[in-house]
Amino acid sequence: MSSTRVKPSDKLKIFAVDTNVLLYDPHALRAFDDNEVVIPMTVIEEIDRFKKDVNETGRNARAISRFLDGLRERGSLQTGVPTDRGGTLRVDFSSNDPKLPISWGPETNDNRILRSLLRLRDESPDKQVVFVTRDTNMRLKCDALGLIAEDYQNAHIDVDEQYTGVAERTVPESMIEALYAGQTVGLDDLQPVHAQQFLVLSAAENPGHTALARVDTKKGRLKVVPRHKEGVWGIFARNKEQLFALDLLLDDSISLVTLNGVAGTGKTLIALACGLKKTADEQTFRKLLVSRPIFPMGRDIGFLPGDLEAKLNPWMKPIFDNLEFIFSSNQEASGAGGRRNSTNGAAHEPEYRHLIDRKIIEVEALTYIRGRSIPNQYLIVDEAQNLTPHEVKTVLTRAGEGTKVILTGDPNQIDNPYVDAMSNGLTYTVERFKDSPIAGHVTLRKGERSQLAELAAELL
């Protein structure tokens, strides 16, 4: 919920908070400033049900429980305790709730919460009761009962247009010629620009005369984007956005790279190819660590047999598919006798297996990253759109000295029920880091997987 200061002329508000808000953001109760906040008792019961989970939801549930327990030192939660920002917080323990229409179905936690909201409204006619929930159906039910319901706005990035990392500028032809000649081209005539933003420059006198450049805010100038005609491990940029991504991924001064785009735009493939170049070839980083959150598409298949590697294999299969493609492309580019055409091990083993055995490549679930320190590694977090902002913060704070972090994902393909296209960790990170000189972002638009994949992304 965005900070809401209540003016003297405004009707005083009571914000009732749903369980899903607290499980999404354990710091949500601090976002209401000097307002009165009420937590229905049913919400406390639901949080108690989640607190034993070993995932991020369970950790958030435990964090909320500890926060509320700490507030008891200031007074009774039944009558209300003061918050740090001048408001009050209380837990609604009352049970004499109004009856709902019989058509509302059996007794459920949602219906208990709705009855609590109706009673709060009846008991406080001089105040406006606002229910804050991330559950779309609960907002619909509130509307049917004449209750006010809002989404948790603190979860959303409030921007007029999502940052793509790329902008177009029309400039004098002399500026483009100076750029190609290696002369210093300042940023004064190009504002507004963001740190590490890419600019597609076209000459005012001759629109066909163009240049691709990246903003260098540290030195206050533009620099030409190299073409990378030699490719990276057999992978070649097929459009300008992929070229921009290569430029960020191969720049050791950039510690955080975010790549988003629809399926088939090459986000993960390019990140892996650059990671192999930086670890296996140049040895700039000690290892290539690839991770992704575990969210199935559709119904889960249940428990999987085998050791940890066998259990992770179905989840990490997209990573292995990309590695296999990179190795086959590299062999084609190098010829049959290419130096990476390894024949070690059994014939059925994939070409990348020897790098995994040597610990140059590690693939693991994101579940195990909490508490770790990751120095001097090239860390790729795939499917980052399924992470909450809090989870992304957990990942980024694991990065040790010399580590480069790459977040890839498609905000339109979200499997996590607690986030959406504007509140997921990837979108949140892009917006927060767009002015940081050590971070860069590119939105990839053109699908390159196949003509069918590109059409499917556009039409379906």
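The legends below describe close-up views of a predicted model. Local features are reported at pLDDT of at least 70 and side-chain atom pairs at pLDDT 80 or more, whereas totals for chains, interfaces and linings use all residues. Residues are numbered from 1 along each chain as its sequence is written, and side-chain values use heavy atoms, with hydrogens and water left out.

**View 1. An open sheet of four strands, in the order β7-β8-β9-β10, with mixed pairing.** Strands (DSSP runs of E, at least two residues) and helices (DSSP runs of H or I, at least four residues) are numbered from the N terminus, and two strands count as paired if DSSP finds at least two bridges between them. Strands β7 (166-171) and β10 (221-224) each have a single partner strand and stand at the edges, so one side of each is left without a neighbour in the sheet. From one strand to the next the twist averages 40 degrees. Within the sheet, β8 (residues 198-203) and β9 (residues 210-216) run antiparallel and are joined by five bridges, and serine 202 has threonine 210 in β9 as its bridge partner. Helix α6 (residues 173-180) lies across β7, β8, β9 and β10 and runs at about 70 degrees to β9, where axes are lines fitted to C-alpha atoms, for helices over the stretch in contact, and angles run from 0 to 180 degrees between N-to-C directions.

**View 2. The crossing of helices α7 (residues 240-249) and α8 (residues 267-281).** The axes of α7 and α8 come within 10 Å and cross at roughly 35 degrees. This crossing is right-handed, a term used where the near helix is turned clockwise from the far one by less than a right angle. Gln242, Ala245, Leu246 and Leu249 in α7 meet Ile270, Ala271 and Cys274 in α8, with contact taken as heavy atoms within 4.5 Å. The residues of this contact divide into six nonpolar, one polar and no charged.

**View 3. Strand β11 (residues 256-261) and its parallel partners β15 and β16.** Six of the six residues of β11 are buried, that is, under 20% relative accessible area, with exposed meaning over 50% and partly exposed in between (1.4 Å probe, protein chains only). Leu256, Thr258 and Asn260 point one way from the strand, and Val257, Leu259 and Gly261 the other way. In a regular strand the side chains alternate between the two faces of the sheet. Five bridges join β11 to β15 (residues 404-409), where leucine 256 stands opposite valine 405, and six bridges join β11 to β16 (residues 439-444), where the bridge partner of glycine 261 is leucine 444.

**View 4. The salt bridge of aspartate 251 with arginine 214.** A salt bridge is a side-chain nitrogen of Lys or Arg within 4 Å of a carboxyl oxygen of Asp or Glu, and the side chains of this pair meet at 2.8 Å, N to O. Aspartate 251 lies in the loop between α7 and β11 and arginine 214 in strand β9, so the pair ties together parts that are 37 residues apart in sequence. Aspartate 251 is buried, at 15% relative accessible area, and arginine 214 is buried as well, at 2%. Arg214, Lys223, Asp247 and Asp251 are linked in a network of salt bridges.

**View 5. The salt bridge of arginine 139 with aspartate 151.** The closest N and O atoms of this pair are 3.7 Å apart. Arginine 139 belongs to helix α5 (residues 136-144), and aspartate 151 to the loop between β6 (148-150) and β7. Arginine 139 counts as partly exposed at 22% relative accessibility, whereas aspartate 151, at 14%, counts as buried.

Definitions and conventions
Ala, Val, Leu, Ile, Met, Phe, Trp, Tyr, Cys and Pro count as nonpolar, Asp, Glu, Lys and Arg as charged, and the others, Gly among them, as polar.
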